[in-house]
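This report covers pockets, aromatic contacts and a few individual residues. The sequence and model come first.

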Amino acid sequence: MQVTFIDDSIPFDGYSPSSQPLDGPEKSFALLPPSLSMRGHDVVVINRAAFPVTVHGSRWVGWEGEKPVSADALIAYRKPELLDQVPVAGRRLVWVGGPVADLETSVAREALTRHKPRLVFISQAQREAWNNTLGLDTLVIEPGLATSYLEDDAMAPAEPPHAITTAHPLGGLLWLVRLWMARIRPEVPSAELHVYSAALDKAQLGGTVPGEYAAMVEEMTVARNHGIVVKRPQADPGMAEAYRAARAHLHPAEPRDVHGFTVAESQATGLPAVARAASAVMVERIADGQTGTIAANNAAFASAAINLLTDRLTFDRMSANARLLKRGRTWAIAASEWEGQLA
């Protein structure tokens with residue numbers, strides 16, 4: 001089957017997740033096309049890739065490259081209006097890899113009305129957040145996990161213990177940093193919180209960041225005295241190694257979360273998580289009480305974090321559960337589910 005993917009966001013290709021940090025939506029788009037081509041499909045990817053490249057049989061042609069004259073199935077990423085870019089003989093799909101607000105612009109609504117595509121969401125909570133007034137066919141296919149997070153490498157938590165957060169600076173990180181300083185660090189004075197953020201790493205090196213980050217950047221100057229360390233995000237192999245050295249993944253969780261990509265990845269390595277109950281999608285990522293904790297309030301969040309940092313038995317139990325319950329989602333499985341929606 002001739003399958004064409006199209007995305008008009010940033011430059012990356014199917015090799016990028018192993019060599020540079022990528023956000024979850026871009027990483028998913030990078031990893032599905034090669035997985036489908038390895039199942040025997042003729043896959044072409046149109047995006048902002050800097051150079052044409054072939055990745056496990058999938059051909060990345062770039063935005064200015066020669067586009068296919070037709071496709072049996074066209075998968076537009078995030079923007080329904082991208083369906084206009086390639087003639088299609090068969091199925092049109094929109095892969096909703098971001099906020100459902102992407103479907104609500106006037107241009108998107110017009111394209112949805114005209115093409116009536118099948119919509120593929122990445123979590124049940126995301127699907128339920130969209131008001132399907134057009135009566136379109138919808139389903140959920142959870143993204144797979146990169147192989148770096150599925151390897152059998154054992155957990156090797158460092159001493160003194162540290163927690164990790166990958167929260168966006170504007171997505172609840174300020175709340176987490178203040179909770180760490182007020183409630184968690186006083187109970188575990190030797191512990192550190194490693195904050196993986198490209199923007200905050202740039203700021204601490206003297207770079208300019210958008211004005212809306214000012215409050216977070218200022219807070220981090222105080223946070224350094226409370227065991228909070230800003231680190232630069234890594235490609236998948238580096239992040240998997242970082243997760244295996246930590247004792248907890250602390251996630252503020254926001255109502256706008258659509259999947260919880262990094263929580264899914266860290267759970268697969270065996271890292272227990274603590275997340276606020278503010279995001280419906282966390283129920284899908286964390287088995288509450290088994291692979292981590294979904295905390296109803298600040299006190300519960302702090303208590304769960306402290307337990308993981310100080311009680312090795314709690315950590316070992318939840319870590320083993322996470323590896324058992326949360327690491328079976330390969331891209332090969334995800335591709336097989338996608339395959340059934342293309343005809």
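## Burial of an aromatic pair

A residue counts as buried when its relative accessible area is under 20%, as exposed when that area is over 50%, and as partly exposed in between. The model examined here is predicted. Phe12 has a relative accessible area of 3%, so Phe12 is buried. Phe29 is buried as well, because its relative accessibility is 0%.

The count of aromatic pairs comes to twelve. In the pair formed by Phe12 and Phe29, the ring centres are 6.0 Å apart and the planes meet at 80°, so this pair is edge-to-face. The pair joins distant parts of the chain: Phe12 belongs to the loop between strand E1 (2-6) and H1, whereas Phe29 is in helix H1, 17 residues apart.

## Ring cluster and charges over rings

Which residues are linked into a cluster by ring pairs? The cluster contains Phe5, Phe12, Phe29, Trp60, Tyr77, Trp95 and Trp338.

Two tryptophan rings have a charged side chain over the face. Lys67 lies over the face of Trp63, with 5.2 Å to the ring centre. Arg276 lies over the face of Trp175, and here the value is 4.1 Å from the ring centre.

## Largest pocket

The largest pocket holds about 1400 Å³ of space. Its lining is made up of 40 residues, and Asp23, Gly24, Pro25, Thr166 and His168 are the closest to the pocket centre. Two or more lining residues come from each of helix H1 (24-37), helix H5 (198-204), helix H7 (236-244) and helix H8 (261-269).

H1 gives the largest share of this lining, four residues. Sorted by class, the lining of the largest pocket has 18 nonpolar, twelve polar and ten charged residues.

## Second largest pocket

The second largest pocket holds about 420 Å³ of space. It is lined by 20 residues, of which Leu31, His56, Ala146, Thr147 and Trp331 are the closest to its centre. The elements that give two or more residues to this lining are H1, H7 and helix H12 (331-339).

Which element gives the largest share of the lining of the second largest pocket? That element is H1, with three residues. By class, the lining of the second largest pocket divides into twelve nonpolar residues, seven polar and one charged.

## Thr330

Thr330 is placed in the loop between helix H11 (312-325) and H12. Its relative accessible area is 26%, so Thr330 counts as partly exposed.

How far apart are the C-alpha atoms of Thr330 and Thr147, and what is their separation along the chain? The C-alpha atoms are separated by 7.7 Å, while the two residues are 183 residues apart along the chain. Thr147 is also one of the residues closest to the centre of the second largest pocket. With neighbours within four places in sequence left aside, Thr330 is in contact with Gly144, Leu145 and Leu150.

## Glu128

Glu128 is part of helix H3 (residues 124-129). Is Glu128 buried or exposed? Glu128 is exposed, because its relative accessible area is 60%.

Conventions
Residues are numbered from 1 along each chain as its sequence is written. This is a predicted model: local features need pLDDT of at least 70, side-chain atom pairs count only at pLDDT 80 or more; totals for chains, interfaces and linings use all residues. Side-chain values use heavy atoms; hydrogens and water are left out. On a 1 Å grid over the protein atoms alone, a cavity is a set of points where a 1.4 Å probe fits but cannot get out, and a pocket is an open set with protein on both sides within 12 Å along at least five of seven lines; lining residues have an atom within 4 Å of a point. Grid points are joined across faces, edges and corners, and a volume is the space filled by probe spheres set on the points. Ala, Val, Leu, Ile, Met, Phe, Trp, Tyr, Cys and Pro count as nonpolar, Asp, Glu, Lys and Arg as charged, and the others, Gly among them, as polar. Rings of Phe, Tyr and Trp (its six-membered ring) pair if their centres lie within 6.5 Å; planes under 30 degrees apart count as stacked, over 60 as edge-to-face and the rest as tilted. Buried means under 20% relative accessible area, exposed over 50%, partly exposed in between (1.4 Å probe, protein chains only). A charge sits over a ring if NZ of Lys or CZ of Arg is within 6 Å of the ring centre and within 35 degrees of the ring normal. Contact means heavy atoms within 4.5 Å.
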